[in-house]
Amino acid sequence: MSALAVVVLIGLSTLIFWVGMIKLLFIPLSLYFEIRQTWRNHRKVKTALDDEPLVSIIVPGYNEEKVLGACISSILASSYQHFELIMVNDGSTDSTAKVMRDLAEANPYTVIFVDQQNSGKGAALNTGTAYANGEFIMYVDSDGVFGKDTIRQMLKGFDSPKVGAVSGDDRPVNLDRVQTTLLALISHVGTGFIRRALAVVNCLPVVSGNNGLFRLKALKATGPLRTDTLGEDLELTWRIHRAGYRVNFAPQAVVYAESPSTLKGLWRQRVRWARGMLQATRIHKNMICNPHYGAFGAYLLFNLLSMIIVPVAQIFVLLGMPIVIITDPDALPTTALGWVGFLGLALALVILIYSIALNRAWGDLRHIWVFPLWPIYSTLVGFTLGWAIILEVKGAEKNWNKLERTGTISVSGLSVDKQEASPA
């Protein structure tokens, strides 16, 4: 076996082992999360929901005319009605402002419309927060579709005064394509499974920008959202940790939103996410492995390794694979079963099924046929990080860079205005 083949094979095996073993360690943590939640529900532990506080829901929008109606109608249909809804138009060039204004006029006691010049998502959220009267502030994207009990479940996540923010579970709503079906399937791992585990050790690194509830006191302690980053939700969450608050997860507080339906859209979204993560790491580099921030400081070192170092190493390993295939094919597995073990697919499948079980989403097993595409997706994500690093070095422009909305809603049982949603 050639030296290159040895390096590539050891590198690939190490990466698979690293990712797989870490996820296996998350299994007992996620189980503990479930046991703890069951115990707390049985004991009726006091949460913010018991006080029925006013919740200010802020929906920023830039060219969102296709999806706003479904978003707002789902919020208005919530079982929890003690809320105000603040819509902020960020200088849209389509009819978003008119849609928002009409919705506000139709619901004058609940909905507030605010118009501003185009300044970016962070600025729009800050504007909405300035108008808020609630004790709790919820940030939601314009394509987010609520379940009936989303707000209630979010408030139940505040089970201690030390909890400064709660992230809900966001899942794809447009399951009309192979790509979005894959994203819906693996979201059970990236959100439901991983977030449960990290919440147990107070290391949840991001409160979803499409489904996050914040205690107003925590936001006052951290200051406004930054307008110079592409990952304002990630960076804000790290500031919540820095301020000494806990960040919790509410798995039953589900908001459905559009996933990228094209490869181009997926590439742009993942590059934006990667740049946001790089920017947050740079801004908060003094938190990494800093004992002052407890477990979260240690977790940030793991985050640096797993989210930046390992994906970059993966790129070099993958670039070497074609050479190995050509020069030393005998070094590779020769059977389908051998490739399953080599690529860690068996372990990934076990974790996927476990994650679906945690979410009680057994119906999503019908999408299991797209599972073999997961390694291709993982490869794409690795290259988006590489491109994000290049863009950051070049100092590329930071803007909304949002997805093209389709208005497609494939999930049944949601309370949305059918006139504003295109069924799959």
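User: In which helix is Q279 found?
Analyst: This is a predicted model, in which local features need pLDDT of at least 70, side-chain atom pairs count only at pLDDT 80 or more, and totals for chains, interfaces and linings use all residues. Residues are numbered from 1 along each chain as its sequence is written, and side-chain values use heavy atoms, with hydrogens and water left out. Helices are DSSP runs (H or I, at least four residues), numbered from the N terminus. The helix that holds Q279 spans residues 263–283 and is α9.

User: Is Q279 buried or exposed?
Analyst: Buried means under 20% relative accessible area, exposed over 50%, and partly exposed in between (1.4 Å probe, protein chains only). The relative accessible area of Q279 is 0%, so Q279 is buried.

User: Which residues is Q279 in contact with, leaving aside its neighbours within four places in sequence?
Analyst: Contact means heavy atoms within 4.5 Å. With those neighbours left aside, the residues in contact with Q279 are D228, T229, L230, G231, E392 and K398.

User: Is K44 buried or exposed?
Analyst: K44 is not a glycine, yet its phi is positive, at about 55°. The relative accessible area of K44 is 72%, and therefore K44 is exposed.

User: What is the phi of C289?
Analyst: C289 has a relative accessible area of 46%, so C289 is partly exposed. Although C289 is a residue other than glycine, its phi is positive, near 60°.

Definitions and conventions: Helix = DSSP H or I, 4+ residues; strand = E, 2+ residues; numbered from the N terminus.
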